[in-house]
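Let's take a walk through a protein model together, one stop at a time. Keep the structure open beside you and find each residue as we reach it.

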Amino acid sequence: MTQVIWLVAGVLVTFTLGYVGYSRYLSRFVELDDSRETPAHKYEDGQEYIPAKKPVLLGHHFSSIAGGAPIVGPITAGAIWGWVPALLWVAIGNPLMGSVHDFVSLSSSMRHEGRSIGYIIGQYVGERGKNMLLWFAFLTIILVVAVFALVVGIVLNAYPQTATASLIYIGLAFVFGVYLYQLDGPFIPGTILFVAGVFAGVWVGIQYPLALFELAEGSHPAGTIVLLSGTGSWVPGASALGGNTAAWIPVILVYAAVASALPVWVLLQPRDYLSSFLLYAGVGGAILAIIVGTLLGTSAEPLVVADSLSPYQGFLGHPDVSPYPLFPLLFVTIACGTISGFHSLVSSGTTAKQLNKESDARLIGYGGMLGEGLLAAVALSTLAVAGLPDTSGGIGAALPNFATGGGTILTSFGIPTRYGAPFMALVLVSFLLTSTDTAARLGRYMMEEVVGLPDNKTDTGLSGGIGSFARGRYTNPLLQIIPAYLMVVSGEWATLWALFGGANQLLAALALLTATVWLANWDASKQLISTGVPMVVMVSITVLALAWLAFYENLYLNLISGGAEAIGAQVSAAVQMVLAVVLIALALSLVRLGYRNIKSVRRPESGVGAEPGDD
């Protein structure tokens with residue numbers, strides 16, 4: 001039988017080679033220089049542009065990029081096609097594609113005053129290209145908010161202990177922000193105190209779980225505090241998701257809207273920093289537990305790949321799932337463990353505005369993505385230990401598997417599963433909450449650039465006018481959470497994951513296109529292979545995947561063949577189909593514009609392009 005430790009070892013080897021070798025080359029390639037003033041210092045405003053200590057910013061960045069996708073994706077892909085294809089895509093694709101994507105997105109934004117990838121490509125291909133990319137990103141953000149809110153609801157339903165613990169650490173983060181930025185408290189003692197409080201919150205959550213409604217089938221853990229009577233069958237989406245899960249989703253969306261409107265020092269920076277310790281403990285602790293449990297045999301169960309999980313399930317996947325071809329769907333199912341376009345929005349949306357010095361970009365950009373790849377390896381390991389879930393259950397079957405398998409792995413340290421499983425569930429929720437409200441904040445940034453806003457200004461959205469409403473700090477989140485909510489409660493939430501993955505990966509291809517255009521215009525001697533080859537690969541894969549989802553899954557299976565019976569399901573299938581086609585059209589148009597620009601500036605007679613960051 002294959003020991004799980006080999007899954008982790010394979011990833012650690014390729015990731016170490018990537019960081020020690022390739023990231024050092026890329027740092028020299030983009031000429032990182034600490035003597036340059038970063039946007040965080042140049043435009044410091046106490047609201048969005050705030051220089052952050054490297055560990056604080058790494059915590060924010062890692063927490064924001066590492067949502068539920070690098071957990072759900074590898075588990076789902078491993079269950080459908082087998083653990084070997086999933087592992088290879090993470091181990092090889094991450095250091096050569098995903099980490100490069102994150103690093104160049106952060107570096108290019110840093111050289112363009114902390115602006116978004118839409119602004120950057122607009123500098124070289126024109127206003128039309130800028131707006132096309134920004135609209136693409138905004139539509140993708142809505143999918144991100146929808147999927148992450150859904151996954152949080154599923155986890156809070158499966159593990160109500162995490163609801164209590166999450167409330168505690170959000171409250172602690174608010175107090176920590178005041179402590180750091182208003183009271184100017186000492187950093188290290190404050191970190192020790194508040195991190196201890198976060199872990200104490202895990203214990204409180206286990207003792208006092210929290211739910212909104214009773215379960216229609218089964219029951220919550222003993223001692224669960226249920227806030228509302230009944231099973232919540234009247235809540236929109238309850239028939240597909242269950243009343244308790246469906247009720248948590250609007251709560252999460254409202255939280256994301258409110259959190260996205262607050263200054264970054266109030267909640268985003270301190271919460272992400274504190275939650276990063278949960279995430280490091282979850283990822284690092286699980287990897288160490290696999291090593292200890294394997295070498296010393298201290299785990300409650302042997303840490304080997306379960307017999308029910310096949311190394312390779314076949315090109316069309318598990319027989320319990322409708323035919324899903326490994327190519328191209330494997331590569332969009334693992335939406336974040338290898339490469340994710342959402343990361344380019346984080347890198348160029350919030351992280352670049354808080355970077356203290358240029359050399360920090362190597363650890364935060366390239367290294368942060370490797371950290372997410374380790375999370376994907378841990379997720380795949382939990383699947384290997386727990387065994388094959390009910391693949392027909394989709395996301396709902398995959399998520400509890402992470403906590404269950406993770407709880408088993410942590411028994412290597414003598415931690416009972418009744419504590420280990422809820423802790424791993426809280427790790428997942430921590431990733432998701434930070435990513436959800438960061439996504440909502442990024443959506444506002446996208447719309448500010450589409451509608452227009454003077455530099456270093458903000459708009460509340462309450463002054464009147466369509467433009468003000470669209471870009472407003474308090475009103476823009478409504479443009480995201482309302483359509484996100486409607487898509488989730490339609491009952492077609494399972495197919496939403498694949499669409500999110502395709503859109504997310506196609507956005508990654510466009511971010512790589514942006515970096516390639518920037519490099520081509522910067523210096524005629526700059527090689528374009530590091531960004532250009534991954535861009536071509538991702539465009540090809542994702543366009544094919546979205547076409548499959550649009551025309552086969554939604555048009556043929558759901559609409560023509562009658563797979564979607566309810567009116568809501570039919571409307572959702574039609575909307576998803578149209579959205580996929582729009583995303584493909586926008587992407588191909590942008591690729592054409594980018595190719596024309598690169599071709600024009602790389603002609604022998606064109607000379608050297610613009611200097612980096614030249615406005």
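Start at Ala158, which has its place in helix 7, a helix covering residues 127–158. Keep in mind, as you look around, that this is a predicted model.

A search of the whole structure finds 23 aromatic pairs. A pair of aromatic rings is described by two things, the distance of the centres and the angle of the planes. Take Phe148 and Phe342: their ring centres are 6.3 Å apart and their planes stand at 85°, so this pair is edge-to-face. Phe148 belongs to helix 7, while Phe342 belongs to helix 14 (residues 342–349), so the pair ties together parts that are 194 residues apart in sequence. Both Phe148 and Phe342 are buried.

For another arrangement of rings, find Phe176 and Tyr179. This aromatic pair is stacked, with 6.1 Å from centre to centre and 15° between the planes. Where do Phe176 and Tyr179 lie? Both are in helix 8 (residues 161–181), three residues apart, which is about one turn of the helix. Phe176 and Tyr179 are both buried as well.

Our last stop is a meeting of two helices. The axes of helix 11 (residues 243–261) and helix 19 (residues 476–488) come within 10 Å and cross at roughly 165°. Why are they called roughly antiparallel? Angles over 145 degrees count as roughly antiparallel, and the crossing is at roughly 165°, so helix 11 and helix 19 are roughly antiparallel to each other. Their crossing is right-handed. On the side of helix 11, the contact is made by Ile249, Pro250, Leu253, Ala257 and Ser260; helix 19 brings Pro477, Ile481, Tyr485 and Val488. What kinds of residues make up this contact? Eight are nonpolar, one is polar and none is charged.

How values were computed:
Residues numbered from 1 in each chain as written. Predicted model: local features only at pLDDT ≥ 70, side-chain atom pairs only at ≥ 80, totals over all residues. Heavy atoms only, no water. Axes fitted to C-alpha atoms, helices over the stretch in contact; angles between N-to-C directions. Helix = DSSP H or I, 4+ residues; strand = E, 2+ residues; numbered from the N terminus. Parallel < 35°, antiparallel > 145°, perpendicular 65-115°, else oblique. Left-handed = near helix turned anticlockwise from the far one by under 90°. Contact = heavy atoms within 4.5 Å. Nonpolar A, V, L, I, M, F, W, Y, C, P; charged D, E, K, R; others polar. Phe/Tyr/Trp six-rings, centres within 6.5 Å; stacked < 30°, edge-to-face > 60°. Buried < 20%, exposed > 50% of the residue type's maximum accessible area, 1.4 Å probe, protein only.
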